[in-house]
Amino acid sequence: MKFKVTTYIILFLFVQQAVAQTKVADNFFRDFSYEKAAELYKEALKKEDSTAYILTRIGDCYFNTSKVEKAEFWYNKAITKHPSIDSEYIYKYVQTLRSQKKYELANEYLRTFNKRNKKDNRIKDIDNFNIENYNQLTNTEKVYVELENLPINTSYSDFGGYEQKDKLYYYSTWVKDSITDENELYEWNNEPYLNIFEADLKIENGIKTFSNSKKLTSLINTKDVHEGLVAITNDGKTMYFTRNNVTKKDKRKYSKEGTSFLKTYKATLSGNKWTNVIELPFNNNSYSCGAPALSPDNKTLYFVSDMAGGFGQTDLYKVSINNDGTYGNPINLGEKINTEGNEKFPFVAKDSTLYFSSDANLNLGLLDIFETNLLKIKKSDTTEVYIKNLGAPFNSPFDDFCFFIDTDTQSGYLSSNREGGQGGDDIYTFGKYECKQTLEGIAYDDLTKEPLEKVRVVLLNIDGKVIDTYHTEKDGKYLFKDLGCDKTYTVLAERVIYRPDKQEFKTSSINQETTTIDLYLTPLIIDNEIVINPIYFDYDKAYIRPDAAYELENIVAVMREHPRMVIKIEAHTDSRGRDAYNLKLSDRRAKSTRDYLFSRGIAEDRVQSAIGYGESQILNHCTNGVKCSDKEHELNRRSKFIITNEYK
């Protein structure tokens with residue numbers, strides 16, 4: 001009995017120790033010191049059963065620091081051991097799977113999540129969550145964007161990127177001097193606190209350079225507090241920015257739960273310094289309001305908040321800025337945009353396109369950047385609101401956020417903790433460019449294979465509109481630049497006394513690729529004859545059909561080019577039919593051909609004769625009574641245009 005009591009006491013103390021360790025870990029977790037919290041949660045696991053709480057907390061520690069492989073491991077343990085676990089952890093598990101491109105497995109758990117959360121707005125289009133659509137988001141074949149890691153990035157966290165005239169504003173934990181006091185480090189990532197930086201921006205020939213990076217004044221950047229996420233009015237005189245909730249003594253202020261919320265502030269530019277820092281009236285000590293963004297007319301401020309009454313964990317809101325400097329009441333952007341998840345980091349472009357980051361909808365994992373036309377739609381408009389994932393390279397399997405674009409130059413910035421960066425978060429600059437290609441080739445004489453000069457080469461689009469024209473010189477070369485990628489064109493080469501050549505082609509999706517197409521023009525004058533394609537007549541008829549007129553225009557062109565030229569016309573038939581009938585029919589056709597030339601302005605004295613010879617001059621063995629194919633008979637049905645003088 002004494003042994004049993006002792007054992008119970010030991011077990012009780014063991015459990016008590018585990019509970020105490022869990023509470024210590026909770027304190028570190030509350031303070032966003034996730035590495036230390038994870039260590040202590042794991043120690044607690046050794047002393048008690050692996051509860052859903054501890055397993056998911058460890059998963060959250062890694063999830064919140066974007067260590068998706070470790071987060072996946074711990075969420076999987078929690079879900080496997082506790083099938084009835086809060087479905088929010090199933091969604092987080094899905095996010096870690098998508099971040100590692102395990103889309104099929106992610107979809108399996110999305111279906112599990114959907115069974116338990118039929119109305120969850122994050123998966124309202126779950127039927128589109130298929131492998132093909134994931135592959136489309138990652139495919140950059142027809143996306144013409146150059147993405148570059150900014151040289152101002154450091155080994156610390158750097159993010160943002162907000163242009164205002166000749167300045168770039170961004171946010172960084174970088175400090176010039178080394179830090180020795182641990183109290184000056186933010187426990188979440190053991191880096192210094194976040195500050196707002198300003199750099200001089202210079203653009204030459206489309207290339208951006210940055211210099212003189214420096215922190216804003218101490219009125220903006222305060223000690224032991226995070227500042228960041230700015231929006232500046234068009235005149236450059238007013239800045240809105242985000243800061244941790246602080247007291248009048250500039251000390252962080254926590255909620256009862258130990259959370260330090262975010263607030264939005266306004267500052268005014270005086271000379272070259274930001275002063276007069278004012279807290280905005282819609283802030284609250286019970287929830288966060290941050291990440292401000294301005295409408296193009298500066299009359300509306302957008303921001304992120306987790307205030308009560310929203311749709312999810314964090315939602316996008318707007319508030320009017322009145323002419324007298326007051327503000328309206330915050331308005332949620334609604335369920336078209338906001339979901340049960342996180343919508344963050346709004347930015348409104350000059351064309352009123354709203355960009356934001358979200359962990360909902362079809363995405364590549366963690367936060368992805370989306371765009372919507374919500375702000376372009378008027379109340380009377382029937383246009384549907386769309387939500388579009390920007391896809392790669394803007395988005396990656398990691399967190400992608402803080403999107404900024406100048407729609408005039410199609411250039412901007414985004415932030416990401418994707419692989420290949422210099423620090424935790426990095427700033428990337430991008431430039432959308434128009435994919436262009438080149439078409440080149442040589443125009444040849446098809447008989448001699450010699451290059452042709454004086455050839456008119458025409459480039460036409462898919463609708464037949466002339467895009468550009470080129471005239472060849474002695475080398476026969478032609479060149480067209482700035483063709484669009486992934487488009488269909490036709491190139492046509494023509495010269496008088498030659499049959500034109502044309503080819504349809506489609507450009508690829510590769511920028512700066514060159515397509516080579518050589519063109520071969522067939523001469524219409526061969527020896528002493530103008531050679532055109534066969535002229536066809538209706539059965540037992542001699543009138544000129546449109547297709548025959550099309551061919552006869554080549555005769556007209558040659559004779560106009562050589563005004564002294566005289567010809568004689570011969571018409572021939574095959575051996576089928578009566579000889580006398582064929583003779584009369586061919587003669588009628590010869591004279592119809594002659595009359596067409598006269599109608600086109602060719603003088604009568606330039607046609608020496610127009611005679612039909614029927615089947616009297618068969619070119620092959622297909623005479624009367626000989627069985628031949630239609631192809632063999634066709635050789636004998638011909639019109640000849642024979643030059644009878646020295647015309648040059």
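Close-up 1. Phe 480 counts as buried at 1% relative accessibility (buried means under 20% relative accessible area, exposed over 50%, partly exposed in between, with a 1.4 Å probe and protein chains only). Tyr 478 is buried too, with a relative accessible area of 2%. This is a predicted model, in which local features need pLDDT of at least 70 and side-chain atom pairs pLDDT 80 or more, while totals for chains, interfaces and linings use all residues. Residues are numbered from 1 along each chain as its sequence is written, and side-chain values use heavy atoms, with hydrogens and water left out. Rings of Phe, Tyr and Trp (its six-membered ring) pair if their centres lie within 6.5 Å; planes under 30 degrees apart count as stacked, over 60 as edge-to-face and the rest as tilted. By this rule the count comes to 31 aromatic pairs. The rings of Phe 29 and Tyr 41, shown in the next view, have centres 6.5 Å apart and planes at 65°, so they are edge-to-face. Tyr 478 and Phe 480 are tilted, at 5.8 Å centre to centre and 55° between the planes.

Close-up 2. Phe 29 and Tyr 41 are both buried. The edge-to-face pair has its ring centres 6.5 Å apart. Phe 29 lies in helix α1 (residues 2–30) and Tyr 41 in helix α2 (residues 34–45), so the pair links distant parts of the chain, 12 residues apart. Helices (H or I, at least four residues) and strands (E, at least two) are DSSP runs, numbered from the N terminus. The charged end of Arg 57 sits over the ring of Phe 29, 3.9 Å from its centre. Here a charge sits over a ring if NZ of Lys or CZ of Arg is within 6 Å of the ring centre and within 35 degrees of the ring normal. Arg 418 likewise has its charged end over the ring of Tyr 428, 5.4 Å from its centre.

Close-up 3. On a 1 Å grid over the protein atoms alone, a cavity is a set of points where a 1.4 Å probe fits but cannot get out; a pocket is an open set with protein on both sides within 12 Å along at least five of seven lines, and lining residues have an atom within 4 Å of a point. Grid points are joined across faces, edges and corners, and a volume is the space filled by probe spheres set on the points. A search of the whole structure finds 2 cavities of 30 Å³ or more. Strands β2 (158–164), β8 (227–232), β12 (289–294), β16 (343–348) and β20 (400–406) each supply at least two lining residues. β12 gives the most, with 4 residues. The lining has 15 nonpolar, 2 polar and no charged residues (Ala, Val, Leu, Ile, Met, Phe, Trp, Tyr, Cys and Pro count as nonpolar, Asp, Glu, Lys and Arg as charged, and the others, Gly among them, as polar). Tyr 162 also belongs to a cluster linked by ring pairs, with Phe 210, Phe 347, Phe 404 and Tyr 413.

**Close-up 4. The second largest pocket.** This pocket has a volume of about 490 Å³. Of its 22 lining residues, Thr 573, Asp 574, Leu 585, Arg 589 and Arg 637 lie nearest its centre. β34 (567–572), α9 (579–599) and β36 (638–643) each supply at least two lining residues. The largest share, 5 residues, comes from α9. By class, the lining divides into 8 nonpolar, 6 polar and 8 charged residues.

**Close-up 5. Backbone exceptions.** Most residues other than glycine have a negative phi, and most peptide bonds are trans. The bond from Ala 392 to Pro 393 is cis, with omega near 5°. Pro 393 is in the loop between β19 (387–389) and β20. Ser 352 has a positive phi of about 70°, and is placed in the loop between β16 and β17 (354–358). Asp 482 has a positive phi near 60°. Asp 482 is in strand β26 (residues 477–484) and counts as exposed, at 55% relative accessibility.

**Close-up 6. Helix α5.** α5 is mostly covered, with 12 of its 13 residues buried. Among them are Tyr 89, Tyr 91, Lys 92 and Arg 98.
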